[in-house]
Amino acid sequence: MGFIAKALEQRPHLKSTLYRLSARLLGTAAVKNFAQEHSRWYKAGIDVHDMGGPYACQRLRRSLFVPAVQPRFRIKRTDRMFAIGS
């Protein structure tokens with residue numbers, strides 16, 4: 001048994017979270033998500049200088065950019081994390 005498999009067996013809550021995160025969206029759910037205006041960078045005819053707009057090119061002009069996300073899990077203070085990136 002590999003390192004990751006052993007770690008997941010010891011932490012069932014992480015195992016279930018990993019499986020939920022790795023599950024593929026059903027086609028209808030993916031289309032529904034794509035239809036949201038927050039899923040778009042830009043749309044022809046919008047005022048790109050309107051900071052109150054829903055499109056990313058508008059929201060980036062705010063002093064604090066808040067992405068439109070809906071977290072489906074919680075990270076506890078006791079959970080260990082490993083991240084790669086900048």
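The model is predicted: local features need pLDDT of at least 70, side-chain atom pairs count only at pLDDT 80 or more, and totals for chains, interfaces and linings use all residues. Residues are numbered from 1 along each chain as its sequence is written, and side-chain values use heavy atoms, with hydrogens and water left out. The chain has four helices and zero strands. Of its 86 residues, 12% count as buried.

**Fold and surface**

- From the N terminus on, the elements run α-α-α-α. Helices (H or I, at least four residues) and strands (E, at least two) are DSSP runs, numbered from the N terminus.
- Among contacts between residues at least 6 apart in sequence, 16% join residues at least 24 apart. Contact means heavy atoms within 4.5 Å.
- The chain has an accessible surface of about 8000 Å². Carbon and sulfur atoms hold 59% of that surface. Areas come from the Shrake-Rupley method with a 1.4 Å probe; for residues, only the protein chains shown count as cover.
- Buried means under 20% relative accessible area, exposed over 50%, and partly exposed in between (1.4 Å probe, protein chains only).

**Nonpolar patch**

- Trp-41, Tyr-42, Leu-60 and Phe-65 make a nonpolar surface patch of about 440 Å².
- Patches are made of residues with over 30% relative accessible area and no salt bridge; like charges are joined within 9 Å, nonpolar side chains (Val, Leu, Ile, Met, Phe, Trp, Tyr) within 5 Å. A salt bridge is a side-chain nitrogen of Lys or Arg within 4 Å of a carboxyl oxygen of Asp or Glu.
- Trp-41 sits in the loop between helix 3 (27-35) and helix 4 (56-59). Trp-41 counts as exposed because its relative accessibility is 53%.

**Largest pocket**

- The largest pocket holds about 740 Å³ of space.
- It is lined by 19 residues; the closest to its centre are Leu-8, Leu-14, Arg-80, Met-81 and Phe-82.
- Helix 1 (3-10) and helix 2 (12-22) are the elements that give two or more residues to this lining. Helix 2 gives the largest share, five residues.
- On a 1 Å grid over the protein atoms alone, a pocket is an open set of points where a 1.4 Å probe fits, with protein on both sides within 12 Å along at least five of seven lines; lining residues have an atom within 4 Å of a point. Grid points are joined across faces, edges and corners, and a volume is the space filled by probe spheres set on the points.

- Gln-58 belongs to helix 4. Its relative accessible area is 3%, so Gln-58 is buried.
- Beyond its neighbours within four places in sequence, Gln-58 contacts Ile-46, Asp-47, Val-48, Asp-50, Met-51 and Gly-53.
- Arg-59 is also in helix 4. Arg-59 counts as buried because its relative accessibility is 4%.
- Not counting residues up to four places away, Arg-59 touches His-38, Gly-53, Pro-54, Phe-65, Val-66, Pro-67 and Ala-68.
- Arg-59 and His-38 are 21 residues apart along the chain, with 9.6 Å between their C-alpha atoms.

**Partly exposed residues**

- Arg-40 is found in the loop between helix 3 and helix 4. With a relative accessible area of 28%, Arg-40 is partly exposed.
- C-alpha to C-alpha, Arg-40 and Cys-57 are 8.7 Å apart, with 17 residues of separation in sequence.
- Phe-73 lies in the segment after helix 4. At 35% relative accessibility, Phe-73 counts as partly exposed.
- Phe-73 and Thr-17 are 56 residues apart in sequence, yet 7.2 Å apart in space, C-alpha to C-alpha.
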